[in-house]
Amino acid sequence: MARSYLAEARRRRGPRKARIGPILDRLQAEHPDARIALAFRNDLELLISVMLSAQTTDVTVNRVTKPLFEKYRTPQDYLAVSLTELENDIRPTGTFRQKARNLQAAMALLLEEFDGRVPDTLEELVRLPGVGRKTANVVVAEQGAPQGIVVDTHIRRLSQRLGLTGNDDPVAIERDLQRIVPREQWARLPHLFIWHGRRVCDARRPRCETCVLNDLCPAARVAI
Ligand code: SF4
């Protein structure tokens, strides 16, 4: 859609701050089951699952972590094996050499500086090797204390199509969302946007004709 048409469509749909409430309400009704798809039992498993999920699917991560979490239960366990052994244990997740190096370095820092516990602030988490802002945001949100809003490829696409941001950079998009989304929804929004992105608002073929956000979306291709 040409920029001028998009601006006009945005104007007709109303200000983003007025639309965000109905958008979240409708997505909640549409995807009440939306939740993180990674399987974990504690903060350490959560952190490792999210670190392994870069550039692969949650299904692959869960397949790898099932035996992994039986073998490795503490940060020390990840340091007690050779790098090659850990690489082989996480190989199907891709970029496994880099991930294995980061995992061991992150476990060493957890032991050195955090008493072996997974920290619960963004500032501390991003100090761990291999943990960027997106990973840290996922971890703190699942710990129940979101300090930002996760922005992945689905959330970026939906935020742009829904006219909630004019930015492309994930940090700028997160800032735009934080301005309009109530803090108590910071952990919920990513799940709702990711599930809607997967099920309805596909990157190449959005199903606008059946989308519950159609009348609130400036990028809707067909009116219903
Ligand atoms: S109306 Fe279309 S473009 Fe807008 S959110 Fe729904 S599927 Fe995506």
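The axes of α3 and helix α9 (residues 133-142) come within 10 Å and cross at roughly 150 degrees; here axes are lines fitted to C-alpha atoms, for helices over the stretch in contact, and angles run from 0 to 180 degrees between N-to-C directions. Because of this angle, α3 is roughly antiparallel to α9. The crossing of α3 past α9 is right-handed, a crossing being left-handed if the near helix is turned anticlockwise from the far one by less than a right angle, and right-handed if clockwise. On the α3 side, Leu-46, Leu-47, Val-50 and Met-51 take part, and they meet Thr-135, Val-138, Val-139 and Glu-142 of α9. Residues are in contact if their C-beta atoms, placed from the backbone, lie within 7 Å. Sorted by class, this contact holds 6 nonpolar, 1 polar and 1 charged residues. Ala, Val, Leu, Ile, Met, Phe, Trp, Tyr, Cys and Pro count as nonpolar, Asp, Glu, Lys and Arg as charged, and the others, Gly among them, as polar.

The model is predicted: local features need pLDDT of at least 70, side-chain atom pairs count only at pLDDT 80 or more, and totals for chains, interfaces and linings use all residues. Residues are numbered from 1 along each chain as its sequence is written.

Helix α3 (residues 43-52) also packs with helix α7 (residues 96-113), at an angle of about 155 degrees and with the axes 10 Å apart. That angle makes α3 roughly antiparallel to α7, and the crossing of the two is right-handed. From α3, the contact draws on Ile-48, Met-51 and Leu-52, while α7 supplies Lys-99, Asn-102 and Leu-103. The classes represented are 4 nonpolar, 1 polar and 1 charged.

A further partner of α3 is helix α4 (residues 58-71), packed at an angle of about 140 degrees with the axes 10 Å apart. This angle makes α3 oblique to α4. The crossing of α3 past α4 is right-handed. Here Glu-45, Ser-49 and Leu-52 of α3 meet Val-61, Val-64, Thr-65 and Phe-69 of α4, a contact with 4 nonpolar, 2 polar and 1 charged residues.

Turning to the whole protein chain, there are 12 helices and 0 strands; helices (H or I, at least four residues) and strands (E, at least two) are DSSP runs, numbered from the N terminus. The C-alpha atoms of the chain fill a box of roughly 60 × 30 × 30 Å, taken along the principal axes. The chain is divided into domain 1 (3-30 + 148-216) and domain 2 (43-142), with bounds that come from an automatic or database domain assignment. Between the C-alpha centres of domain 1 and domain 2 the distance is 30 Å. Where the domains meet, 8 residues of domain 1 are in contact with 6 residues of domain 2. The side of domain 1 that touches domain 2 is made up of 6 nonpolar, 1 polar and 1 charged residues.

Finally, there is the ligand. Of the 13 residues around the ligand, Cys-201, Pro-206, Cys-208, Cys-211 and Cys-217 come nearest; a residue is near a molecule or strand if its C-beta atom, placed from the backbone, lies within 6 Å of it. The shell around the ligand comprises 10 nonpolar, 1 polar and 2 charged residues.

Key
Angles under 35 degrees count as roughly parallel, over 145 as roughly antiparallel, 65 to 115 as roughly perpendicular and the rest as oblique. Two residues are in contact if their C-beta atoms, placed from the backbone, lie within 7 Å.
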